[in-house]
Amino acid sequence: MERLRQEMREVYAALRVDGRASLPARILQSRQMVLATLDRFAQEHPDCHPALLKARQHEVMAEHFEPIIFRHSPFFYEMGLRHAANWGTPVLSEEHVGAWLFERQAVINTARPEQQWITACQGYNPESPVHLWNIHGGFDIDHHCLGYTTLLRTGINGLLAHIEERLRQPCTAHQQANLEAMARSCRAVCRVAERFGERARAMLPDEQDAQAARFLALIADAAGRIPAEPPRTFYEGLAMLWFLREVTASLEAVGVSVLGHLDRLLIDLYRADLADGRLTEAEARDLLARWMLPTDVKFFIEENSWPETSTCLELGGCDAEGRVVWNELTRLIIEVHRDQRLLNPKLNCRYDRRSPQEYLDLISETLLAGHNHFALLNDEVLIPALMRDGKSLPDARLYVNGGCQETIAEGVEHSAG
């Protein structure tokens, strides 16, 4: 773990906002290549539909980024296209290539007649009795959560099949453009994963460290198969969740604040791996430690006076059918988080009156030991509140919490923070 920590520190030191001048040449060149290619495309296609322009942005980023692989981690996600201490939002966007279209609002506004209404609504006028003000310009660029439950069940190929089915039905011109853009962007995400696999395979022949070689082999085998297809193992499930969160934040320039409801999403894969002898509990603990480490390192947490990272992990609560979520994976996650002395990801622990005493005792013991990194969320309050706000019961039961613990129905809304 210490070798991985040091390796990450060195890479992210070069990706700090104040370290821009020392960016590795290949990273700087890839950023410049992406931006120059996009600028040229926009100039040559002034009438391109905004959704298709965004899809083109994703495709260019997928082909021109330089994959960064940490030799002592089996996880792949770092595109080098945003600064280290960034969870996706286009703040300080000169360091975030994914914010290219966000920074060119004029390109979008010409094709969106509703923009005048948005601008009028968000204009703050203290003399007016009615006004709406939003610091993010009408739409929130933070507090988002991907539909991890669906993605882990169908993979991105499942989304592509759904899009293709919709394209066979009658569409307006705008619907057609949006659907085509969705499909192209989904394929771009898969291409990003493929390129990590290509880089790992290129690194493998020269790798002398046994652990690093094993991790490179895992990446070479998994990257590209996921996230296109559902994960087959506990390792692939972890890899897919972290990849989707980080790569979406890089490509889309929105804050993806949630890593997923981990003990609900991955318990079946974990149990299957143990039963088939593919994994031991000790190996699972090691994977979880390496999976949870990056945020604290990326945000230089030990020297940060306000260590906010907008990175949340959901535990406990219930599933879509209302069954209590408390299992051996819940325990492992909390114990590894404590043993590694992590601040992040923030542990958002859901509970209700049915929660097992063993679960509540584990949280209490961890708090009393000084590891105070929990948000405790009462399902008996939050699920009815979500339903009063119009959510279905299954969606309400799958709620998660964003960067500042905003309640979000996973995959179908964001919290308009």
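**Ground rules.** I worked from a predicted model, where local features need pLDDT of at least 70 and side-chain atom pairs count only at pLDDT 80 or more, while totals for chains, interfaces and linings use all residues. Residues are numbered from 1 along each chain as its sequence is written, and side-chain values use heavy atoms, with hydrogens and water left out.

**The sheet.** I began with the strands (E runs of at least two residues in DSSP, numbered from the N terminus, as are helices, which are H or I runs of at least four). Four of them make an open sheet, ordered 1-2-3-4, with parallel pairing; a pair needs at least two DSSP bridges between its strands. Strand 1 (258–261) and strand 4 (374–378) are at the edges with a single partner strand each, so one side of each has no neighbour in the sheet. On average, neighbouring strands here are turned by 20° against each other, direction ignored. My angles come from axes, which are lines fitted to C-alpha atoms (for helices, over the stretch in contact), and run from 0 to 180 degrees between N-to-C directions.

I then followed strand 3 (residues 346–351), which is parallel to strand 4 and joined to it by five bridges. Asn348 has Ala375 of strand 4 as its bridge partner. Helix 10 (residues 262–275) packs on this sheet, where it touches strand 1 and strand 2 (312–316), and its direction makes about 55° with that of strand 1.

**Asp379.** Next I looked up Asp379, which sits in helix 15 (residues 379–388). Is Asp379 buried or exposed? I noted it as buried, because its relative accessibility is 3%; the cut-offs are under 20% for buried, over 50% for exposed and partly exposed in between, with a 1.4 Å probe and protein chains only. Beyond neighbours within four places in sequence, its contacts (heavy atoms within 4.5 Å) include Gly317, Arg350, Asp352 and Tyr399.

**Tyr235.** My next stop was Tyr235 in helix 9 (residues 234–252). Tyr235 also counts as buried, at 8% relative accessibility. Not counting residues up to four places away in sequence, Tyr235 touches several residues, among them Pro74, Phe75, Phe76 and Asp273.

**Helix 3.** Last, I checked helix 3 (residues 50–64): its 15 residues reach 21 Å from first C-alpha to last, close to the 21 Å expected. That expected span is 1.5 Å times one less than the number of residues. Eleven of the 15 residues are buried, leaving helix 3 mostly covered; Pro50, Leu53, His58 and Met61 are among them.
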